[in-house]
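Hi,

Here is the structure I promised to pass on. Have a look at it first, and then read my notes below.

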Amino acid sequence: MEVNCEGCAGCCMDWRSLLEKSGSAPRGDGAGETDRRHRRRDDPFAGDGSERPPRDPLDDDATFVPLTRDEVRGFLEAGMGEALTPRFWEARGEDDGVAVDGHTLAAVAGRPAFFVGLRKPPKPVAPFGLAEPVWLPACVFLDPTTLQCRIHGGERFPDECGAYPEHNLALDAAAECERVEAAFGGERLLDADHDGSEGLLLGSQAIGAKLFCHPRPADLEGIVDRAAAGSLTRADRTELVAIAAASSPGTLAISGQHYERARERMLDDADGGAGPENDGEAPSWVGPAIRDWRRRFRDADGTVPSPAVADAVETDRGAPETPGWDGLE
Ligand code: SF4
């Protein structure tokens, strides 16, 4: 498989609003189907290609990156818990899930199921050859100036990002590259040959490893409403991230000790504390940068700054630089 990512990063941001502005839609997609197909397909509740309809996520992130339990723990230990956010799904019917806050949530054994992925604050970006930048929800780790990943190839680089779009192709679903080609032209997916579905966590093997289950649905009251409204609080994210970090692959068990440790790490991050891996180092740039992006977007009043403002928002706070495309193969 070979892809052409320069000037794209379509799988690291939610660019559907550009389609609405241009009035175009990816080839072959009806309006109602666009959102649904515009998703990574290793989502255990996204539908199985049969006549049963897919379950829809409560949130509106078209390019959500699901993390494994060990990756969640790794981000926490690195002091970057603020990068994380959960995803729930609507059940297919009332007898197919658990009712919380007026939603019937997809569940496993009566426990609401969720993913943990990466947050997307608004950033000024100019992908796909756009002449002017626009505000788009973009992965916390995306450098808006180069449109490259700040953690690419590093210890924290998510497996899912390394396997994408191979996983979509293995599941016979469209890749983000093809959607970008259809909407903006150019050649993104240069060679669609792939090695199959190795590494995909689907079905029961995902439980506790990538698909987490909350043991106390009543504790989710209020959280579910805010997840659907896109207004999760730090305390909300802390509860879900702690359950994910305390999960055990292949089981529904939750470790009380890991749960408490994860909560402490999340609260340390929020206080600007440094994780053990950062011992003696500056606190993580992640939380302050997300808050700064949200504040700048709120105060922008329709204007869009240059992506270079990321130097002040991210790099000056300690975000790793990206190499740019010159000289890269
Ligand atoms: S971690 Fe990197 S590759 Fe993955 S979505 Fe974020 S910016 Fe993109």
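**Helix α3 and what follows**

Let's start with helix α3, which covers residues 69–77: its buried residues are R69, E71, V72, R73, F75 and L76. Keep in mind as you read that this is a predicted model. Once α3 ends, G79 comes along with a positive phi of about 75 degrees.

**The chain as a whole**

Zooming out, the protein chain has 11 helices and 11 strands. It is 329 residues long, and 42% of them are buried. If you take the contacts between residues at least 6 apart in sequence, 70% join residues at least 24 apart.

The largest nonpolar core holds 74 residues, and the ones touching the most other members are M13, V72, L105, V116, L142 and V241. Helix α8 (residues 234–245) gives the most to this core, with 6 residues.

Which residues does V241 contact, leaving aside its neighbours within four places in sequence? They are V72, G81, L84, V116, A262 and M266. Two of these, V72 and V116, are also on the list of core residues that touch the most other members.

**Around the ligand**

Now click on the ligand. The residues around it are C12, V65, L118, C139, F141, L142, C149, I151, P158 and C161. Sorted by class, this shell has 10 nonpolar residues, with no polar and no charged ones.

You'll find it in the loop between β1 (2–3) and α1 (16–22). Is C12 buried or exposed? It counts as buried because it has 27 C-beta neighbours inside 10 Å, and the cut-off for buried is 20 or more. Apart from its neighbours within four places in sequence, C12 is in contact with T63, A138, C139, L142 and C149. Of those, C139, L142 and C149 are also around the ligand.

**From C12 over to helix α6**

C12 and E176 sit 164 residues apart in sequence, yet their C-alpha atoms are 9.7 Å apart in space. E176 belongs to the buried part of α6, together with C177, R179, V180, E181, A183 and F184. Why is helix α6 (residues 176–184) described as largely enclosed by the rest of the structure? Because 7 of its 9 residues are buried.

Key:
Residues are numbered from 1 along each chain as its sequence is written. This is a predicted model: local features need pLDDT of at least 70, side-chain atom pairs count only at pLDDT 80 or more; totals for chains, interfaces and linings use all residues. A residue is near a molecule or strand if its C-beta atom, placed from the backbone, lies within 6 Å of it. Ala, Val, Leu, Ile, Met, Phe, Trp, Tyr, Cys and Pro count as nonpolar, Asp, Glu, Lys and Arg as charged, and the others, Gly among them, as polar. A residue is buried if 20 or more other C-beta atoms lie within 10 Å of its own, exposed if 12 or fewer, and partly exposed in between; C-beta atoms are placed from the backbone. Helices (H or I, at least four residues) and strands (E, at least two) are DSSP runs, numbered from the N terminus. A nonpolar core is a set of buried Ala, Val, Leu, Ile, Met, Phe, Trp, Tyr and Cys residues joined through C-beta atoms within 7 Å. Two residues are in contact if their C-beta atoms, placed from the backbone, lie within 7 Å.
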